[in-house]
Amino acid sequence: MAHDKIMEVRAIENGTVIDHIPSESLSKIINILGLDREKNRITIGNNLESKRMGSKAIIKINDRYCRPDEINRIALVAPMARVNIIEDFEVTEKLRVEVPDTVEGFVKCVNPQCITNNEPVATAFTVLKGGDISLKCRYCEKITFQSQLEIIK
């Protein structure tokens, strides 16, 4: 059997496939999408072989389609990710993740003195693009770098 014909992860009939996830970003995407509370079948593969990335992760969610805001949140931790919509075992739509201009309420500010870490105030950031993604807090102006991103519920 030829090595390029081996499937490492089973196909799904209907749902969403998120591919080309850096392996180190997998747990953050699970948190962003709330997959720990998902009732549909989920297939997760990590440290899979990738010619382009070396290794990658993939998530397949049966019978669930990600909302545009969820897809754009993924871009913060996996800007090269691809989101495929699957219907009747076929890819019907390919979506590119797009880094949003602002991020509100789901990333923690790295500044322990920030009001968002000490009062019931939702976080709010302006996204600084170019090279690695970083976030500038609207309240304390502290920069949170992509490697520091902590997803909050």
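Tutor: Two terms to start: contact means heavy atoms within 4.5 Å, and helices (H or I, at least four residues) and strands (E, at least two) are DSSP runs, numbered from the N terminus. This is a predicted model, in which local features need pLDDT of at least 70 and side-chain atom pairs count only at pLDDT 80 or more, while totals for chains, interfaces and linings use all residues. Residues are numbered from 1 along each chain as its sequence is written, and side-chain values use heavy atoms, with hydrogens and water left out.

Student: Fine. How many helices and strands are there in the protein chain?

Tutor: The protein chain has two helices and nine strands. Their order from the N terminus is β-α-β-β-α-β-β-β-β-β-β. The C-alpha trace spans about 60 × 30 × 25 Å along its principal axes.

Student: Which residues meet between H1 and H2?

Tutor: On the H1 side they are Lys28, Ile29, Ile32 and Leu33, and on the H2 side Glu70, Arg73, Ile74 and Val77.

Student: And at what angle do H1 and H2 pack?

Tutor: About 155°, with the axes of H1 and H2 10 Å apart. Axes here are lines fitted to C-alpha atoms, for helices over the stretch in contact, and angles run from 0 to 180 degrees between N-to-C directions. H1 and H2 are therefore roughly antiparallel, a label for angles over 145 degrees, with under 35 being roughly parallel, 65 to 115 roughly perpendicular and the rest oblique.

Student: Is H1 mostly covered or mostly open?

Tutor: Mostly covered, since six of the eight residues in H1 are buried. Buried means under 20% relative accessible area, exposed over 50%, and partly exposed in between (1.4 Å probe, protein chains only). The buried ones are Leu26, Lys28, Ile29, Ile30, Ile32 and Leu33. Their cover includes E1, strand E2 (42–50), E3 and H2. After H1 comes Gly34, which has a positive phi near 65°.

Student: What about the chain as a whole, how much of it is buried?

Tutor: Buried residues are 42% of the 153 in the protein chain.

Student: Which residues touch the most other members in the largest nonpolar core?

Tutor: Ile18, Leu33, Ile59 and Leu135, in a core of 33 residues. Strand E1 (15–21), helix H1 (26–33), strand E3 (54–62), helix H2 (68–77), strand E7 (124–128) and strand E8 (134–137) each give this core at least two residues. A nonpolar core is a set of buried Ala, Val, Leu, Ile, Met, Phe, Trp, Tyr and Cys residues joined through side-chain atoms within 4.5 Å.

Student: Take Ile18. Where is Ile18 found, and what does Ile18 touch?

Tutor: Ile18 is found in strand E1. Leaving out residues up to four places away in sequence, Ile18 touches Leu33, Ala57, Ile58, Ile59, Cys66, Ile74, Ala81, Arg82 and Val83. Ile18 is buried, at a relative accessible area of 0%. Apart from that core lies another, of five residues, including Ile12, Val17, Leu48 and Ile58.
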